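Reader: I would like to learn how to read cores and aromatic pairs in a model, taking one feature at a time. Could you give the general idea first and then the case at hand?

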Amino acid sequence: MATDAPQHRPQPAEAGLVVGHWPHLRGKETIARIMWSVAAALVPAAVAAGYFFGIRAYLHIGLAVATAVITEAIITRLRLGKMTVGDGSAVVSGLLVGFCLPAQARWFVPIVASVVAIAIAKHCFGGLGYNIWNPALVGRAFVHISFPTDMNPSAWPVLTGDHFIGDVGTAVGGLPEGVDAVSGASPLAAVKDIAATHGYTLADVLKLLTFREGPGLWDMFVGTVGGCIGETSALLLVLGAIYLIYKGWVRWQIPLAYLATVALGALFLPLYLTGGEGGTGPTGWQPIITCMPDAALRFVLWHLLGGGLVLGAFYMATDMVTTPITSRGTLIFGAGCGVLTILIRLYGGYPEAVCYSILLMNTTVPLIDRWTQPRIFGHKR
Amino acid sequence: MNRATYPGGVHPPENKWTAESEIETIPVSPRFVVPLSQSLGAPSRPVVSEGETVRKGQMIGRPDGFISAAVHAPTSGTVAGLERIIDSATGRQTDAVAIESDGLDAWAEGLGEPREWQNLDADAIREAVAAAGVVGMGGATFPTHVKLNPPKGKDVDTILINGAECEPYLTCDYRVMLDRAQDIVTGLRLCMMATGAERGCICIEDNKPAAIACLQEAAGARDGCSVRVFETKYPQGAEKQLILACLGREVPTGGLPADVGALVQNVQTARAIADAVTRNVPLIERVLTVSGDAAGAPGNFRVRIGTPIAVLLEKAEVQDGFEELILGGPMMGKDQFTTDLYVTKGTSGVLAMRRAAIYDGGPCIRCGACVRYCPSQVNPSRLSILGESFLDGNLDAIDAAIDAGLMDCILCGACAYVCPSRRRIVHLIEMMRGERRKALQRRREKQEARKAELKREVEKVGD
């Protein structure tokens with residue numbers, strides 16, 4: 001296979017001339033340039049993670065990246081006889097793995113997630129360009145199922161006061177003391193928890209939270225809320241994404257379709273299915289826009305900024321390898337992610353819907369590609 | 001300004017360093033080697049033999065078949081014999097006529113004299129063009145008299161003169177537009193007369209304002225002739241894309257421009273048509289650009305067909321040690337493995353590059369750039385993956401590739417240019433086309449053998 005062929009320069013012919021096929025000019029883009037730019041775009045959010053969640057955040061990101069790079073180096077060495085770490089794709093995967101783990105997870109969780117991401121999700125399917133699912137998300141899903149208690153989103157801040165230095169020891173020892181892994185949940189999980197424990201309807205809790213107790217929208221935008229290491233700061237993630245979209249390395253269709261679909265779903269889907277929670281709620285189609293119009297905007301923004309949606313929409317769902325190649329296809333893909341995310345969030349059991357909706361949509365990519373091939377020049381419409 | 005364009009295309013650095021260099025005439029070389037195969041279709045048959053004296057413009061190769069073009073002596077002198085040389089377009093060996101110049105540069109009888117052309121009919125124009133051996137000088141080298149004779153029932157209403165010159169580095173067409181604007185308009189009018197087209201349009205990219213002004217002035221007073229400005233991008237000068245951008249008509253798959261009433265000629269071809277019909281001058285010289293980062297003195301040169309490439313390299317002060325020699329433009333020109341080559345009618349550029357661009361073919365990361373920039377809206381990524389699959393032994397890959405637009409690709413290379421993985425996309429596409437050609441050939445041979453066998457059987461039974 002061409003991919004496995006050793007790199008070579010064509011042999012010079014007579015007169016020392018090199019003969020190749022046209023074109024004889026090359027654009028500037030390379031895989032390495034794209035991947036390192038994505039990594040650079042993630043750096044602000046990675047740096048801020050230390051401020052939000054303490055030095056454990058750096059420890060996790062560092063372990064995830066180092067494991068990803070080492071795993072990639074070993075496997076490419078064995079498979080191809082050369083190391084392709086320099087192309088930066090393993091660093092990006094490692095960063096994303098680190099980003100979607102909670103800070104209080106035990107130290108080996110990022111290592112397991114990275115090994116699964118690179119060794120199984122990426123190289124078992126043929127390596128760069130051939131994997132079906134986003135490696136970082138497969139790694140995350142694996143540890144989510146394997147170590148459920150580690151994967152409850154961290155509260156913010158993890159430890160008050162000396163959270164920059166104080167928790168290095170606990171990072172190795174297990175769950176840090178003083179943090180209740182359950183009550184320190186991410187905003188979305190909190191809503192479901194409260195609704196369940198107090199027997200309120202979801203709508204009542206939402207009303208309560210969105211106006212009194214829920215995390216403020218500004219906090220959610222800046223990132224000073226509970227959640228996984230790299231997902232909380234919409235501001236920093238979007239800044240990095242704007243750079244990537246400007247450069248053309250992130251296709252704007254995906255985040256646009258994704259976020260728009262989630263927003264529309266949050267607005268127009270009923271808050272509970274017929275009969276409501278425990279059969280006490282109103283019946284019929286009751287979306288937020290009709291039953292609580294004054295809270296609708298806040299509810300939508302809450303969904304957009306909450307959980308891993310920003311990280312997922314701009315960095316996970318836009319992974320080139322696991323998304324459709326056509327422009328129309330990317331719109332469908334983004335919308336599909338949005339539909340699944342909002343369905344899982346409103347009616348599903350897991351608080352974090354982004355990971356699984358993207359993985360499910362990754363599976364549909366060959367089909368979407370087949371449907372959306374452009375009309376070839378000169379062929380019938 | 002209202003610029004015509006079409007979806008897709010790329011913007012490689014233009015590097016048109018020689019745009020302001022006046023055309024310089026290369027002195028008549030002491031020895032010429034004129035390939036007999038300088039056009040698409042059958043090579044011409046030699047009509048001179050060793051030791052024979054020839055005059056400038058005398059026919060030395062007669063067209064052989066319908067799609068074939070005549071070849072003429074570039075100067076007066078003696079035929080030194082038939083030689084086997086490398087054809088720069090295919091890399092294969094081809095026949096050529098070597099001529100030792102006598103230094104007189106004397107025209108053959110009746111050539112180079114003005115002819116009354118305003119009242120010629122279509123057949124007379126085509127005859128004059130055929131006699132002059134004019135072929136498409138943009139690089140495709142299709143015999144022009146054949147092109148000027150569109151199939152029955154396909155009326156051409158618009159002639160496009162292609163002055164886009166979208167290939168980086170090349171500036172020869174630009175200089176010809178500045179120097180020979182009047183002749184180009186005359187060539188356009190002759191094409192219109194030969195085909196009965198009512199409209200003529202000269203197509204120029206907006207990076208050549210001087211040429212636009214020049215041709216606007218030259219075309220100004222003529223009925224039906226106009227200049228149209230196009231967005232500067234590669235491949236703006238591709239025939240089908242140019243028609244789409246200019247007329248909004250899409251040539252159907254497998255079809256010809258005549259199917260949508262259009263006909264495209266390169267500016268230098270228009271110049272050659274004008275010379276052939278109005279001055280009775282056969283196609284024995286052209287203007288080309290010698291450039292590239294290894295050229296110390298790049299320039300635009302008027303050269304006779306059959307001039308050794310080495311003469312041009314010396315003229316442009318190309319130092320030894322360059323790694324790549326390209327004949328044509330950098331996007332679609334052909335790499336050469338030897339410098340023992342000669343100028344042909346289709347040689348638009350000679351580029352000497354210090355370092356060759358290497359496509360080492362990594363995996364496709366599905367970034368979609370090739371799909372976005374493809375001027376033919378095929379999926380180059382898919383075609384290249386099918387090509388690799390074919391090399392892996394999947395013989396059905398070519399059928400799938402045909403469904404995916406294998407034959408609709410114009411081989412412009414925009415996909416490979418933007419590919420971050422440096423995949424050999426065009427190479428793989430050409431490979432599959434070659435394999436398809438071979439398969440069809442084999443099938444034909446098999447059918448013929450079977451037919452012959454059946455015939456023998458029938459005869460046997462009949463006995």
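Reader: How many aromatic pairs are there over all chains?

Author: This is a predicted model, in which local features need pLDDT of at least 70, side-chain atom pairs count only at pLDDT 80 or more, and totals for chains, interfaces and linings use all residues. Residues are numbered from 1 along each chain as its sequence is written, chains are lettered from A and ligands numbered from 1 in the order in which they are written, and side-chain values use heavy atoms, leaving out hydrogens and water. A pair of aromatic rings is described by the distance of the centres and the angle of the planes. Rings of Phe, Tyr and Trp (its six-membered ring) pair if their centres lie within 6.5 Å, and planes under 30 degrees apart count as stacked, over 60 as edge-to-face and the rest as tilted. By this rule there are 7 aromatic pairs over all chains.

Reader: What are the distance and angle between Phe108(A) and Phe147(A)?

Author: Their ring centres are 5.4 Å apart and their planes stand at 75 degrees, so the pair is edge-to-face. Phe108(A) belongs to helix H4 (residues 108-122) of chain A, whereas Phe147(A) lies in the loop between helix H5 (135-146) and helix H6 (168-173), so the pair ties together parts 39 residues apart in sequence; helices here are DSSP runs (H or I, at least four residues), as strands are (E, at least two), numbered from the N terminus.

Reader: Is Phe147(A) buried or exposed?

Author: Buried means under 20% relative accessible area, exposed over 50%, and partly exposed in between (1.4 Å probe, protein chains only). Phe147(A), at 19%, is buried, while Phe108(A), at 24%, is partly exposed.

Reader: Which residues touch the most other members of the largest nonpolar core?

Author: In soluble globular proteins, nonpolar side chains tend to be buried together. A nonpolar core is a set of buried Ala, Val, Leu, Ile, Met, Phe, Trp, Tyr and Cys residues joined through side-chain atoms within 4.5 Å. In the largest one, of 106 residues, Phe99(A), Tyr258(A) and Tyr315(A) touch the most other members. Helix H1 (residues 31-53) of chain A supplies the largest share of this core, 13 residues.

Reader: What does Phe99(A) touch?

Author: Counting contacts as heavy atoms within 4.5 Å, and leaving out residues up to four places away in sequence, Phe99(A) touches residues including Leu42(A), Ile61(A), Cys228(A) and Leu311(A). Apart from this core lies another, of 46 residues, among them Val185(B) and Ile202(B).
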